Amino acid sequence: MSTTSPRDGSCDLPKAPASLKLPLPNPTLQLPSPTSVTPPFSPHTSHPTSTTFAHQVAGHDELITLEGGKWIVKPVNDIEVEFYQTLSNLDQESTTDNVIANSRQNDTLSDKDKDALKRFKRFIPGCDGVVASSYLYDRPLTPDPSKPVNTTKPPPSRSPASVLLRNIVHPLTDLHITDLKIGSVLTGPDITSQEKIERMKKVSEGSTSGSLGVRMTGCKIYRPNLPPKLLNDDIHRGETGFPEMEFDDDGYFTFPRQSLRMLQPDLFKQVLETFFWPKSVVGVYLDMLDDLIESVQAARVRCFSASLLLVHGKIGMQASTAPSHSRTASNHSTQSTNESLHSIERTTSDGFVVRLALIDFGHSWIGNMIGERIEGPDENMLKGLRNLREILTGYLEE
């Protein structure tokens, strides 16, 4: 059921209970929604249908989805709520320059700043509101008809609030998904525990986070997409140092998260290369990565421990015959800004839909960072993105 207001086109989402204190002028984000998009649920009806997210590859909380997978429910802290609120404010018609949703400081953004943030926002899944986590997590899940009956509740969220995000995986099939932690410095100024600062520093120094500014935290690959040479017995047994693959009954395999954390640069590049199949997607990802790097260079943001989610898969027999926009003549692709995703999406000539998005902003700021004005680009994030671009360029030249 749609709850789109005929007056302003915004979604009326359930407000957080009075006991939930969020550092926002309004504890519910009111974001403009395209008329073609149905809001996830109505506050005037029963709880929405929810299921566990089958393609989650990283993160702490177990994510759930709404409306057949169209929406992701992501538990967040107050910093991440403010981050999404500020991005939401960019779309509001207002006479004030104060678009930064931060209760601890006040700042203004110039028109140039706003334009840069709007370009940056294209790479972030659309957010349609914040609700109390208990509204969705404190209830049984709807059984998945394709699996044994399961009416258990999802694990309680550690966060009192959750945001509703567009699921960039939906409705793709034959999926390749990887979550890449970006940056060498993994803690922001909000972390005051010296124990945690030192612990995360060791994580960075002992992994490719420190050396490359990018680390794989999760990966899921559709096995039939891969050539036989990448699925030989030696790799299965891990005799080359390659992490053991874990196979499921749906044709996918994953790598144990702990083994991914311990990868060193050479092996990291080998594992990552497994993700970039078929080869037609490499040039497309490179073009999108260049666009992202350009947007980060211009935006007044600081993002610690944010992730880059890379996804490619198929929608039926979808393919493109448009002129090439990629780096190889054989990689025909089309570019479109999908308004419902707020991210760049492209399609290869062999029918693979390629999507790229920044996620996880629990330690991220726009304009100001705990009282300090942000000046210049986020070099910590750019280090990881540039090294990733260099790795992909190497794959393309092989």
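**E80, helix α1 and the sheet it lies across**

Q: Looking at this predicted model, is E80 buried or exposed?
A: Buried. Its relative accessibility is 3%, and because the cut-off for buried is under 20%, E80 counts as buried.

Q: Which helix is it in?
A: E80 sits in helix α1, which covers residues 78-89.

Q: What does the E80 side chain pair up with in a polar contact?
A: With the side chain of K74, at 3.0 Å.

Q: And which residues does E80 touch if you skip its neighbours within four places in sequence?
A: Those are K74, D360, F361 and G362.

Q: OK, zooming out. Which strands does α1 lie across?
A: Helix α1 lies across β3, β4 and β5, where β5 is residues 161-166. Relative to β3, α1 runs at about 130°.

Q: What's the strand order in that sheet?
A: The order is β1-β2-β3-β5-β4, five strands in an open sheet with antiparallel pairing.

Q: Which ones are at the edges?
A: β1 (50-52) and β4 (127-132). Each has a single partner strand, so one side of each has no neighbour in the sheet.

Q: How much are neighbouring strands turned against each other?
A: By 35° on average, ignoring direction.

Q: Back to β3: how many bridges does it share with β2?
A: Three, in the antiparallel sense. Strand β2 is residues 64-66 and β3 is residues 71-76.

Q: Which residue in β3 is the bridge partner of I64?
A: That's V73.

Notes: Residues are numbered from 1 along each chain as its sequence is written. This is a predicted model: local features need pLDDT of at least 70, side-chain atom pairs count only at pLDDT 80 or more; totals for chains, interfaces and linings use all residues. Side-chain values use heavy atoms; hydrogens and water are left out. Helices (H or I, at least four residues) and strands (E, at least two) are DSSP runs, numbered from the N terminus. Buried means under 20% relative accessible area, exposed over 50%, partly exposed in between (1.4 Å probe, protein chains only). A polar contact is a pair of N or O atoms within 3.5 Å; within protein, one must be able to donate a hydrogen and the other to accept it, and residues adjacent in sequence count only if both atoms are side-chain atoms. Contact means heavy atoms within 4.5 Å. Two strands pair if DSSP finds at least two bridges between them. Axes are lines fitted to C-alpha atoms, for helices over the stretch in contact, and angles run from 0 to 180 degrees between N-to-C directions.
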